[in-house]
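Subject: Structure for you, with notes on salt bridges

Hello,

Here is the structure I said I would pass on. My notes on its charged side-chain pairs follow.

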Amino acid sequence: MALTIGMVAHDRKKPDLAAWAQEHLDLIARHKVVATATTGLVLQRALPDLPIRLVKSGPLGGDQQIGAMIAQGELDVLLFFPDPLEAQPHDVDVKALLRLVLVYDIPAAFSPRTATALARSGLFGD
């Protein structure tokens, strides 16, 4: 069964998420990917053959759209690479997204190593 994987990254972490996705393309290509707009554009450049559904950019409501998908049971996994050293103008939206991950208990990873551990857990398939 195909999962819906949400992918979000702050600006300085977008290259890390794209590199991670390239390295794990064989696993994520089996699933549906949803990404915030600017993250999704970086992913599309790195993985031109991977279909990616784009929502708005984070500051324009994309984090909230991803959160709504979690609340509605439409998102199975979240890969979110935040930048811990940079203040975000939409920090309230980011905190709301993280709260929904916890409330709805969906698997989530916040760094390349934890994303790899999650991917290798069998959740993404063999």
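Lys14 and Asp11 are joined through their side chains by a salt bridge, at 3.6 Å from N to O; the term stands for a side-chain nitrogen of Lys or Arg within 4 Å of a carboxyl oxygen of Asp or Glu. Lys14 is buried at 8% relative accessibility, while Asp11 is exposed at 61%. Here buried means under 20% relative accessible area, exposed over 50%, and partly exposed in between, with a 1.4 Å probe and protein chains only.

This is a predicted model, in which local features need pLDDT of at least 70 and side-chain atom pairs count only at pLDDT 80 or more, whereas totals for chains, interfaces and linings use all residues. Residues are numbered from 1 along each chain as its sequence is written, and side-chain values use heavy atoms, with hydrogens and water left out.

The search of the whole structure gave three salt bridges. Another of them pairs Asp83 with Arg12, whose closest N and O atoms are 2.7 Å apart. Asp83 sits in the loop between β4 (77-81) and α5 (91-103) and Arg12 in the loop between β1 (4-9) and α1 (14-23), so this pair ties together parts 71 residues apart in sequence. Helices (H or I, at least four residues) and strands (E, at least two) are DSSP runs, numbered from the N terminus. Asp83 is buried, at 7% relative accessible area, and Arg12 is exposed, at 52%.

Lys13 and Asp16 also form a salt bridge, at 3.8 Å from N to O. Lys13 is partly exposed at 25%, as is Asp16 at 33%.

Regards
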